[in-house]
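Reader: Please show me the sequence and the structure. I would like to go through some local features by question and answer.

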Number of protein chains: 2
Amino acid sequence: MNIVIIGGVAAGAKAAAKIKRLLPDSNVSIYTDDTHVSYSSCGLPYYIEGNFEDYKALLVRSVEEFKASGIDVFLETKIDKILPKQRQVLACGKDKAWLIDYDRLIIATGARPFIPNIKGVNDFDNIYTLRKIEDGINIRNKMLNSKKVVIIGSGFIGLELLEAFVKNGLEVVVLEKGNHIISSFDADMSLLIRERLESIPDRNFLIQTGEIVSEVTGTNGLADTVKTLSGKEFKTDFVVICAGIIPNSELAKNAGLEIGESGAIKVNKLMQTSEPNIYACGDCCEEPHIISGHSVWVPLGSTANKEGRCAALNAAGVYTIFEGVLGSAVSRCLNTTMSMTGLTEKEAIEFGFTPVSATVSKYDKVAYMPDVGEITLKVVADKATGLLLGGQAIGSLGADKRINTLASALLGHLTVHQFKNNDLTYSPPYSPTIDPLLDAMNILCGKITRRC
Amino acid sequence: MNIVIIGGVAAGAKAAAKIKRLLPDSNVSIYTDDTHVSYSSCGLPYYIEGNFEDYKALLVRSVEEFKASGIDVFLETKIDKILPKQRQVLACGKDKAWLIDYDRLIIATGARPFIPNIKGVNDFDNIYTLRKIEDGINIRNKMLNSKKVVIIGSGFIGLELLEAFVKNGLEVVVLEKGNHIISSFDADMSLLIRERLESIPDRNFLIQTGEIVSEVTGTNGLADTVKTLSGKEFKTDFVVICAGIIPNSELAKNAGLEIGESGAIKVNKLMQTSEPNIYACGDCCEEPHIISGHSVWVPLGSTANKEGRCAALNAAGVYTIFEGVLGSAVSRCLNTTMSMTGLTEKEAIEFGFTPVSATVSKYDKVAYMPDVGEITLKVVADKATGLLLGGQAIGSLGADKRINTLASALLGHLTVHQFKNNDLTYSPPYSPTIDPLLDAMNILCGKITRRC
């Protein structure tokens, strides 16, 4: 059996390793146009920040290690075409092209940075995006010789880079076209994140929302000024674009595979595309949302791993269902933890729920303990049924704990009433006697019914 | 309506506050033989350690604050008898006794330290237990003038005091009669906790298991030697007995209320005793176990709060169910977090399950991050059905997060198969790409069925 895997960062690497263990006699090959395989893309901001010296710490498994376990990896080899009828793919190396037979094909082509339509955006060498190992190395090297940077976009990666640059002494400007930073959160929570960040004393960064970048100008191939539609100008030593990502689904689309509304590849719960012998996993494909039931595109590293595993199992003939995602995420910016799971209030409305929410701001442990931090937690539920829909938490490290605790409840489709007596651990160094989650549930109970 | 509450630490104080809000026109009174009301008993070890200077930080709500919200508090006033037929209680103050009418009675008498049968245990002024504010003050004062201490017992409180004393420079001996410290954990996890503690360089403490204390001797009213059955002797400046607690259920028992097998007061899911107008809550009563379904006695501060609330609601005529407990707990000893929820493997067998378990030791975040810690996580499930039964985690701060995440799953009666794709948050400072919980689930899947 020939198993061909296109892409090898998270989902592809996981799928390859898993399927080789399941079918030791099969031929498993990874083709990637990347210069590296199997690495932690999510770790790049921490490498840039300088948490560790050698980028090689980000490499999970080398080409040699794959080779040793019987998996061939072809780096810098682009797959140009999928030919489902003849069960072949067309590979293009540096100076040749060739056809490769497959019995099962796993597409794990990932995603790439979205580049907004900005005048001059392609004209300079010091405008970066962050996705691959080289991007991280280039940005770190540039940062070490710079004093000013403009970040375009304020999602998780934008804010992680804000931290990295600020900690390295740079003057940072973040330009966000929307009205709020980190717009995956509800607006009220985004505002709190911004407040927390801007309350840092002697901060050396500026966040500007509602600023659409219109043009980048410079000299000698180096950008030095970022201009916005409103007429503002920001001098800079380099620019990083963190304006989101788009799925690498063109290869699948050109092969006639079904593409979802999001633009990512459509798969069923077995991670199978519209062609039964072709699977897709990771950032290039959609997945069902556990709460809304709709197909969504939530490209995250942890999901990629699970999907890669599921695709491998099914491709190997071991029936396995991937139940879907909650969109659980966490990120850190300058000691502020930002975490979420399930639907925001905004998304809940879009998906046809009538949400109610409760927001509590509370210490993360008992107030008299040293190093007490604060978290603000927002929990969203369906007014009609009390079904828990999602939650968002920002603040100290403890924010993340509450969101994972809620994620399990969402997975189990618990209601507010079921959750409100949840037996969560308590001890002064770990939480207040009544956990913020339980406070939120008690408030929600009051909004849903008078019974509690 | 006259509402009488006996006891006012956690459950009683919560019940009083809640019922007064629900029934503002009622007369609500708290009677307690304690010198303080409404305080954080769980915070006493941290006060002793010196995390904060003033013990008053432990007081949640003062007598005056209760008074201001219309609740009368009678300190140092023992309730000597409950007379259910005449709906009265007999109160004893310093120099008088009197009868008090009630329409609803809430018993929140808590628990008291268990004193093992040790020769000389009552003969010395420097043998302490830790339960009340005075105990904390007395132990702290004694500690500040001492160099050596013997702790009898190695449960959560014993180990929390170990930390407090070690951090204050004392030479500490912990004597445990069982074969393992902290026996609420499975033996394999207890061993790991002990290993972690004993691996601390230059540690100034000694843990001795299998040592039954037979006698305490001393001179001038002060104990100076602790002797064990095996013939060992330990010199000491003072002794703290942390050998567990027993429920204060005698008052209820003498009034003819039903008592459970554990010795604590039996209640239904409305926190009602066998007398319909009498409720019980907190450390003096049993509660249903969410997983086993059996009545258990798990006296914990967080549970006391929820039960106090539930008792108040039902006493006020607002029908509310308390679903029970998972026995979730967390504690810290010298940078080791120890946390658990649900059934241990040992308990699962006692309750008639055929458990399987998976234990993983893993970094709590991605290995390349600074301050990476390690946690060992054991998850227990039912072999026949895959139902999740419980978990135990020890190690860095992140241990607690995994246990709360599991608690929600236990509350929802999820199986290993349902949990294995749980969408938990991931980012390098917060967890490895594949969370230890998911690793454990994948291992369990293999033990339960070949399907995954």
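Reader: Is B:Glu307 buried or exposed?
Author: This is a predicted model, where local features need pLDDT of at least 70, side-chain atom pairs count only at pLDDT 80 or more, totals for chains, interfaces and linings use all residues, and side-chain values use heavy atoms, with hydrogens and water left out. Residues are numbered from 1 along each chain as its sequence is written, while chains are lettered from A and ligands numbered from 1 in the order in which they are written. Buried means under 20% relative accessible area, exposed over 50%, and partly exposed in between (1.4 Å probe, protein chains only). B:Glu307 has a relative accessible area of 0%, so B:Glu307 is buried.

Reader: In which helix is the place of B:Glu307?
Author: Helices are DSSP runs (H or I, at least four residues), as are strands (E, at least two), and they are numbered from the N terminus. B:Glu307 falls in residues 301-315 of chain B, which is helix 8.

Reader: Which residues does B:Glu307 touch, not counting those up to four places away in sequence?
Author: Contact means heavy atoms within 4.5 Å. By that rule B:Glu307 touches B:Met271, B:Cys281, B:Gly282, B:Cys285, B:Glu286, B:Glu287 and B:Phe322.

Reader: What separates the C-alpha atoms of B:Glu307 and B:Thr217?
Author: The two residues are 90 residues apart along the chain. Their C-alpha atoms are separated by 42 Å.

Reader: At what angle do helix 1 and helix 8 of chain A pack?
Author: Axes are lines fitted to C-alpha atoms, for helices over the stretch in contact, and angles run from 0 to 180 degrees between N-to-C directions. Helix 1 covers residues 11-22 and helix 8 covers residues 301-315. Their axes lie 7 Å apart, and the angle is about 35°.

Reader: Which residues of helix 8 of chain A meet helix 1 of chain A?
Author: Helix 1 of chain A brings A:Ala11, A:Lys14, A:Ala15, A:Lys18, A:Ile19 and A:Leu22. From helix 8 of chain A come A:Ala304, A:Asn305, A:Gly308, A:Arg309, A:Ala312, A:Leu313 and A:Ala315.

Reader: How many aromatic pairs are there over all chains?
Author: Rings of Phe, Tyr and Trp (its six-membered ring) pair if their centres lie within 6.5 Å; planes under 30 degrees apart count as stacked, over 60 as edge-to-face and the rest as tilted. Over all chains the count is 12.

Reader: How do A:Phe156 and A:Phe185 pair?
Author: The distance is 6.2 Å centre to centre. With 80° between the planes, the pair is edge-to-face.

Reader: How many residues apart in sequence are the parts that A:Phe156 and A:Phe185 tie together?
Author: A:Phe156 lies in helix 5 (residues 156-167) of chain A. A:Phe185 lies in the loop between strand 11 (171-176) and helix 6 (187-198) of chain A. A:Phe185 is also buried, at 1% relative accessibility. The parts tied together are 29 residues apart.

Reader: Which residue lies over the face of A:Tyr47?
Author: A charge sits over a ring if NZ of Lys or CZ of Arg is within 6 Å of the ring centre and within 35 degrees of the ring normal. Ring pairs also link A:Tyr47, A:Phe52 and B:Tyr368 into a cluster. At 5.9 Å from the ring centre of A:Tyr47 lies A:Arg140.

Reader: What is the phi of B:Asn220?
Author: Most residues other than glycine have a negative phi. B:Asn220 sits in the loop between strand 13 (213-219) and strand 14 (222-228) of chain B. B:Asn220 is exposed, with a relative accessible area of 77%. Although B:Asn220 is not a glycine, its phi is positive, at about 55°.
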